[in-house]
Amino acid sequence: MAKEVNTIGVLTSGGDAPGMNAAIRAVVRKSIANGKKVKGIMKGYQGLLNEEIFDMSPRDVSDTIQRGGTILRTARCEEFKTPEGQKKGAEVCKKYGIDGLVVIGGDGSYKGAQALSANGINTIGLPGTIDLDIACTDYTIGFDTAVNTAMQAIDKVRDTSSSHERCSIIEVMGRNAGYIALWCGVANGAEDILLPEKYEFNEQDIINNIINNRKKGKTHHIIINAEGIGHSTSMARRIEAATGVETRATILGYMQRGGSPTCTDRFHASMMGAYAADLLCQGKSNRVVGWKDGTYKDFDIDEALAMQKNIPEYQYEVSRLLSI
Ligand code: ADP
Ligand code: F6P
């Protein structure tokens, strides 16, 4: 049975991602345009439990679309993984009159959203993560900015790597997912791309590749290493010892999570934020918004969490082929 909502809450949870502010802005403004009240919740589920809740007007999101990070801040909250924490979260929502909620985050945050739905709060998830590792969507808020930030940094490392005829290992984010590494690997013309989903920990293959490339006349060797593979600095030492080629490691780290969002991230985040507000206004709950087959769609959270996502085999094959 569709339930009419009157007050829509919005929070960001888990790792931040560029474009989250554009999504918040769209949730606020579309909800208000639909005749609803809006409340912002600070610091994710932790802020909900701590009742860090405030009324939001269209002016509260002025001058935010171009800003990285999240104006609502974000947090991780262990208490919210417990049934007691989730029940308390639903009670706090009811206390503040929040009968609809938009949660912007990754898979972990969706599990919290699922629990709130089960506790009577209509909840919609938006895919906010730079990792692109949400199965029901081909796009996640922040991925485009993150790969562009990383790509530009890697171009710079490549310049100095070529000057010195060095091998460079560049570590990008993605503890469990190699999408950033794959995209940068292709876009930066890397000689080796190490993805958590594919890497078989055979360093000898990399060493052989470096030696063969030297023989072919290549003056640099770029290895993109996803964070999930780990230990780029010690890998650099081992590779240098085995090949005799000077090797340096660069860990890009949190710079990939910050910065002004790209046009793509601002656009999709705006559409998805508006879409989430509309779903709540239609009485929907326990849904996540995705970009699939060139259009915005929504999926049941339980089904979305059960979906699997893999590195597309063709993309992986081409990425290897282009580095000859
Ligand atoms: P992401 O949302 O980016 O995947 P996390 O996995 O860290 O990030 O999850 C963010 C937050 O979502 C957690 O700190 C916790 O508050 C909540 N969460 C994660 N897993 C669950 C769960 N199984 N049940 C309820 N809430 C959860
Ligand atoms: O936002 C995703 C991500 O950057 C992952 O690639 C990484 O493993 C994780 O967040 C690290 O985040 P934190 O250090 O904030 O836990």
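This is a predicted model: local features need pLDDT of at least 70, side-chain atom pairs count only at pLDDT 80 or more; totals for chains, interfaces and linings use all residues.
1. A word on conventions: local features need pLDDT of at least 70 and side-chain atom pairs count only at pLDDT 80 or more, whereas totals for chains, interfaces and linings use all residues. Residues are numbered from 1 along each chain as its sequence is written, chains are lettered from A and ligands numbered from 1 in the order in which they are written, and side-chain values use heavy atoms, leaving out hydrogens and water.

2. After helix 1 comes Gly 35, with a positive phi near 90 degrees.

3. Which residues of helix 1 are buried? They are Met 20, Asn 21, Ala 22, Ala 23, Ile 24, Ala 26, Val 27, Val 28 and Ser 31 (buried means under 20% relative accessible area, exposed over 50%, partly exposed in between, with a 1.4 Å probe and protein chains only). Their cover includes strand 1 (7-12), strand 4 (100-105), strand 5 (122-127) and helix 9 (263-281).

4. Leu 126 touches Ala 23 and Val 27, among others, not counting residues up to four places away in sequence (contact means heavy atoms within 4.5 Å). In the largest nonpolar core, of 68 residues, Leu 126 is one of those that touch the most other members, along with Val 10, Val 102, Ile 154 and Ile 239 (such a core is a set of buried Ala, Val, Leu, Ile, Met, Phe, Trp, Tyr and Cys residues joined through side-chain atoms within 4.5 Å). Helix 5 (residues 143-163) gives this core its largest share, seven residues.

5. Thr 247 sits in strand 9 (residues 247-251) and is buried, with a relative accessible area of 5%. Its contacts include Cys 167, Ile 169 and Ile 239, again not counting residues up to four places away in sequence.

6. Lastly, look at ligand 1, surrounded by 15 residues (each with a heavy atom within 4 Å of it). A polar side-chain atom of Arg 76 lies 2.7 Å from an oxygen atom of ligand 1, and one of Ser 109 lies 2.5 Å from an oxygen atom of ligand 1.

Methods. Helices (H or I, at least four residues) and strands (E, at least two) are DSSP runs, numbered from the N terminus. A polar contact is a pair of N or O atoms within 3.5 Å; within protein, one must be able to donate a hydrogen and the other to accept it, and residues adjacent in sequence count only if both atoms are side-chain atoms.
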